[in-house]
Amino acid sequence: MKIKWVILTLIIAITTVLTGCEPLKVLNPKGPQAETTADVIWISIMTMAVVVITVIALYIFYVIKASRRPDDYEPPYIKSNPIVESLIVGVPVLIIIFLTVVTVKSLYVVEAPPEIYENQEPLVIYASSSNWKWHFSYPEEDIETVNYLFIPTNRPIKFKLYSYGPISSFWIPQLGGQKYAMVHATTTLHLAADVPGEYMGRNANFTGKGFAEQTFNVKAMPPEEYEKWVEEVKATAEPLTKKKFDELLEPGHLGQLTFTGNHLGFSPPPMSHGEMSSDTEETDSGLSMQPHESKDKSGNESD
Amino acid sequence: MDFFNRFAIPNPTPTIYASMVAIALTVIAVIIGLTYFKKWGYLFREWLTTVDHKRIGIMYLISALLMLFRGGVDAIMMRAQTAVPENTFLNAAEYNEVFTTHGVVMIFFMAMAFIIALMNFVVPLQIGARDVAFPRLNLLSFWLYFVGAMLFNLSFVLGGSPNAGWTSYFPLAGTQFSESVGTNYYMWALQISGLGTLMTGINFIVTILKMRAPGMTLMKMPMFTWSALVTNIIIVFAFPVLTVTLLMGTFDRQFGTNFFTMTNGGDDMLWANLFWVWGHPEVYILILPAFGIYSEVIPTFTQRNLYGYKSMVLSMVIISLLSFMVWVHHFFTMGQGALTNSIFSFTTMLIAIPTGMKIFNWLLTIRKGKIRFTVPMLYSLGFIPLFTIGGVTGVMLAMASADYQYHNTMFLVAHFHNVIIPGVVFAMLAGLTYWWPKMFGFMLNEKIGKWAFWFISIGFCLAFFPMYISGLDGQARRMYTYSAETGFGVWNMISFIGAGMMAIGFIIIVYNIYYSIRYSPRNVGDDPWNARSLEWATHNPVPEYNFAVTPQVNSSEALWDAKKNGHKLFKGELKEIHMPNNSGLPVIMAVLFFVFGFSFVFSIWPGVILSGVGIFSSMAYQSYMKDRGKHISVEEIKETEAKFGGGKK
């Protein structure tokens with residue numbers, strides 16, 4: 001009967017660690033979207049803890065009873081009881097309904113711009129992956145960075161994600177969940193940071209040899225500081241040319257780079273994924289997916 | 001020479017060269033051994049060409065165990081590499097090959113083979129049949145599986161292993177990012193063994209529907225047979241999707257088509273969708289037979305009937321339907337939006353309901369029972385709480401908004417190992433120990449078996465529970481290394497220790513097999529476990545024809561009724577038994593398929609064309625071949641029955 005003690009100790013150990021002094025990144029949100037998912041995760045952990053404890057308690061009780069039968073005990077033949085059967089279906093149904101409601105509500109929250117910053121114009125950043133780097137284009141500011149991301153706090157950020165190679169997954173655990181960056185469709189991810197600080201960002205989807213190091217640093221800072229940084233970049237950084245950008249796309253690792261201008265003009269992102277999100281401007285483009293090449297010809301110059 | 005350059009390994013290391021030498025030496029040792037002991041004829045006549053479902057089952061079993069160790073070594077290497085931050089035991093290229101082959105070998109060549117091994121051995125016995133419906137096709141299925149497995153393992157020393165993950169997502173798996181022939185091996189090894197699996201599916205559906213003993217209606221089938229029926233129906237619906245998907249992948253890589261490419265209208269999202277349309281049902285192809293095994297073991301060792309037979313059947317049928325409606329949950333993060341994800345979250349969570357029904361039914365079976373703590377029962381008792389934990393984390397992953405944070409992390413890795421190991425692997429080990437006397441006529445040592453159980457279960461907890469935590473702390477899966485400041489080190493070290501304990505557990509199992517072959521008593525009788533279903537009504541080991549007289553069945557626990565309620569299983573006189581003849585054709589086809597697959601991997605077109613013609617000619621020859629089988633006379637049956645100790649009259 002050692003096993004149940006092992007399991008119980010483990011469950012207790014796990015909960016202690018989960019609630020422990022150094023919070024895990026996903027459960028230590030620094031923005032409204034990550035806060036929503038962390039809440040959902042806690043609700044699910046609590047609900048599931050009830051389920052697990054119930055099952056394991058019943059299990060321990062029955063196993064102990066069934067292992068201490070007298071020698072002459074003859075286990076009876078038992079037909080199933082319709083009341084018991086409907087109970088073991090009914091209770092899970094209720095739990096599933098509850099969790100579905102939680103899921104659907106939170107899905108619409110995290111797929112939309114953060115509610116608390118609703119009245120603010122979102123900062124649009126195009127984040128694209130190539131083996132094994134991240135490129136961040138700021139069309140509004142007309143600057144571009146590689147492998148690092150500066151964002152203002154208390155302002156919604158609208159990421160437009162796409163890839164120049166294998167499917168990648170854009171992830172800043174403390175600001176919110178992941179979304180894929182792919183070749184044929186631009187996806188949209190809404191994030192925001194409440195608290196200034198440095199956060200880990202990475203590609204979470206396997207992309208080959210250099211995948212482990214495909215990370216980027218995120219620095220959230222007050223808006224004034226952010227403006228200052230933008231001005232500084234514009235004053236000091238080199239302009240990004242098509243030739244330079246093609247060099248950057250070559251497979252390999254690069255440090256952090258900064259440019260003025262951006263690649264959106266000469267190497268435009270694919271069309272948007274036809275999402276059913278609240279983003280109305282997206283829906284008219286439908287599920288059209290176009291390769292980069294044909295876009296190049298159509299000449300979508302904005303520079 | 002240019003021609004031979006293609007066989008070179010892209011990332012050669014001393015380890016790989018050492019393995020080449022080791023493989024060559026093993027092959028030479030086996031050939032010399034077989035020649036020295038003059039066993040070639042025996043091996044060919046009695047095993048390689050056999051159509052006996054029991055022997056085919058045992059061949060599957062041996063192959064599955066070999067693959068378990070291949071995949072297990074991969075696992076240990078991965079855990080060793082990530083045990084400490086910035087480790088240099090493996091480099092990125094090696095690590096990518098190791099985790100790819102670990103996944104493919106464990107799912108396709110270990111778990112699939114293991115459940116098919118047990119289905120092959122047990123199902124015909126449980127339904128009182130003499131063999132499967134298409135015995136020769138069954139042998140061909142085995143050979144296709146075996147050829148696929150060997151072809152896949154060959155990639156290690158010839159041309160390079162696949163390295164795009166077991167899911168092999170395009171465009172990563174396309175020629176632009178995976179230049180070596182590794183992914184070609186993936187396509188053809190899975191293609192060939194997948195065809196074998198599809199044939200097994202058809203074979204078992206027909207066997208179960210058409211060859212049950214008199215009196216055994218569908219609702220009187222033992223639960224393992226029910227699970228086999230449902231599983232094979234899923235196989236027949238799911239595997240054609242894999243066949244087509246792999247073919248599209250092959251065309252993209254070798255003939256320049258653009259299904260999944262980055263240019264010319266290809267779609268990188270298509271592979272992921274098609275792969276998981278097959279891939280999710282595949283998960284249930286593995287777990288349903290496992291549920292079937294627990295449903296046999298738990299009643300046997302609690303010594304009472306399975307609680308809620310009808311709801312057990314119903315829940316499996318519901319799971320099989322739902323399994324085709326949830327594939328999007330493997331990529332909630334693809335950007336399909338809140339509505340689509342809401343629907344798939346809901347369908348995914350629905351699976352918890354039939355699965356919960358099963359868990360509670362097993363608990364209620366234990367409730368009024370009287371437990372005997374044997375090794376198969378220990379695995380079943382370990383399964384219930386551990387699988388429940390794995391199941392509820394599955395529900396957590398099903399909640400799409402939260403999945404955005406779990407996706408692609410160690411949390412996910414923890415979850416699926418938490419359902420596959422206590423679910424499928426424990427069931428396989430329970431089934432192996434449970435049916436071992438049926439296969440070989442002696443029992444595995446219980447004491448050593450219990451040691452193995454404790455090592456594997458505790459090792460499992462140590463190896464996988466920390467991954468839940470490191471996943472929530474932001475450790476993505478498939479990373480060959482991480483820096484010390486991430487703080488993942490401690491969790492990965494615990495994982496490595498756990499993996500080591502599991503390895504010791506499996507070594508103990510091997511030792512147990514050796515020990516039991518040498519020392520276990522041989523006179524265990526026909527029914528050593530005091531079991532309930534039909535397979536225990538014949539001898540140990542089972543004679544070629546299974547039952548001298550076809551049994552009569554009146555319930556799902558025919559043997560128990562015979563023992564306790566005076567039901568008469570065997571009525572009537574001995575009659576001549578009609579059995580199928582052995583066939584060498586599947587062996588020839590195996591060789592042809594191997595040449596075909598190998599040539600295709602390396603684009604050696606003459607080899608492809610010649611072996612392709614050979615395959616179709618064999619099929620044509622097979623179609624026109626007249627083989628009426630053989631008859632076992634009453635005398636022979638009497639003789640055999642006497643040899644087995646009188647037997648049933």
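User: How many residues does the contact take from chain A and from chain B?

Analyst: This is a predicted model, in which local features need pLDDT of at least 70 and side-chain atom pairs count only at pLDDT 80 or more, while totals for chains, interfaces and linings use all residues. Residues are numbered from 1 along each chain as its sequence is written, chains are lettered from A and ligands numbered from 1 in the order in which they are written, and side-chain values use heavy atoms, with hydrogens and water left out. With contact defined as heavy atoms within 4.5 Å, chain A and chain B each give the number 95.

User: What share of the area buried between chain A and chain B do carbon and sulfur atoms give?

Analyst: Buried area is the accessible area (1.4 Å probe) that two parts lose on being put together, summed over both. For chain A and chain B it is about 8200 Å². Of this area, the share given by carbon and sulfur atoms is 72%.

User: Which element gives the most to the side of chain A that touches chain B?

Analyst: A salt bridge requires a side-chain nitrogen of Lys or Arg within 4 Å of a carboxyl oxygen of Asp or Glu; the rule finds one across the interface, and K564(B) and E74(A) meet in a salt bridge at 3.9 Å, N to O. Polar contacts are pairs of N or O atoms within 3.5 Å, where within protein one atom must be able to donate a hydrogen and the other to accept it, and residues adjacent in sequence count only if both atoms are side-chain atoms; the count between the chains is 27 residue pairs, both at pLDDT 80 or more. Taking helices (H or I, at least four residues) and strands (E, at least two) as DSSP runs numbered from the N terminus, the elements of chain A that each supply at least two residues to the side touching chain B include α1 (2-18), α3 (82-110) and β9 (197-203). With 17 residues, the element that gives the most is α2(A).

User: Which residues of chain B does I41(A) touch?

Analyst: I41(A) has its place in helix α2 of chain A and counts as buried because its relative accessibility is 0%, where buried means under 20% relative accessible area, exposed over 50% and partly exposed in between (1.4 Å probe, protein chains only). Not counting residues up to four places away in sequence, I41(A) touches V26(A) and L27(A), and from chain B it touches A402(B), Q405(B) and Y406(B).

User: What is the relative accessibility of N147(A)?

Analyst: N147(A) is found in the loop between β3 (143-146) and β4 (148-152) of chain A, and its phi is near 65°, a positive value in a residue other than glycine. N147(A) counts as buried, because its relative accessibility is 7%.
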